[in-house]
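Thanks for letting me take a few minutes today.

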Amino acid sequence: MKKQKRQYIVIGLGGFGRSVALNLAQLGHEVLAVDNHEESVERVAPYVTQAVQADATDEDILRELGIADFDAAIVCIGSNSRDSILVTVLCKEAGVPQVIAKAEDELHEKILRKVGADRVVFPEQDMGMRVARSLDAPGILEMMQLAAGYRIAEIPTPDAWCEQTLMDIHVRRKYGLSIIGIRRGKEFLASPGADARLHEGDTLLVMGKQGDIDAIN
């Protein structure tokens, strides 16, 4: 299944914000990168859809940037917790469907959650790719990397698989994946047999290569 191109606005282009913006763009999404420092904007401009030097704490400027039209906003403002909280509030009030914010400490995290952040992260420099991957494939709920390019991931059951058995679907032969568990409500079925039937709302624990997991997401 071909991934849908999404639109993201990344606000704050320090190490983490720059990494998220560049990786999202590399994954084929449209990215508007925003920072109030000219040098930071110039560093990412060649690699993203658009890069703008602007004060994101100004509600009128955010409106001019079309903030409400983006699928998600990633607020990566550094040590100025006041500004990151204000921008998070403005993004939520503008109707951005998903707002992800970077926190500096636990108190900052609590405030961000209280003002409406959908997700709060405590990133290091190398966390940019992980966040970008989770945004690029929102159907993947959690992922664990194994050796030799294999992953274990939790994914919702695709609509086309509902009310079919694992034998009917031929998951391993057609999709290159192994289903190693099924979460159904509060129950968890480990190592399901070929006659296990999938239902709407099931969450599958699958093992396979990244590309094969992405193909059904």
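This is a predicted model: local features need pLDDT of at least 70, side-chain atom pairs count only at pLDDT 80 or more; totals for chains, interfaces and linings use all residues.

Counting disulfides, meaning pairs of cysteine sulfur atoms within 2.5 Å, gives zero here. Cys91 counts as buried, at 0% relative accessibility, and Cys162 is buried too, with a relative accessible area of 17%; buried means under 20% relative accessible area, exposed over 50%, and partly exposed in between, using a 1.4 Å probe and protein chains only.

Residues are numbered from 1 along each chain as its sequence is written, and side-chain values use heavy atoms, with hydrogens and water left out.

How many salt bridges does the structure hold? There are eight, where a salt bridge is a side-chain nitrogen of Lys or Arg within 4 Å of a carboxyl oxygen of Asp or Glu.

One of them joins Glu59 to Arg63, with the closest N and O atoms 3.6 Å apart. Because these two sit four residues apart in helix α3 (residues 59-64), about one helical turn separates Glu59 from Arg63; helices (H or I, at least four residues) and strands (E, at least two) are DSSP runs, numbered from the N terminus. Glu59, Asp60 and Arg63 are linked in a network of salt bridges.

Finally, Arg184 pairs with Asp202 in a salt bridge, the closest N and O atoms being 2.7 Å apart. This pair links distant parts of the chain, 18 residues apart, with Arg184 in strand β9 and Asp202 in the loop between β10 and β11. Arg184 is partly exposed at 33% relative accessibility, whereas Asp202 is buried at 2%.
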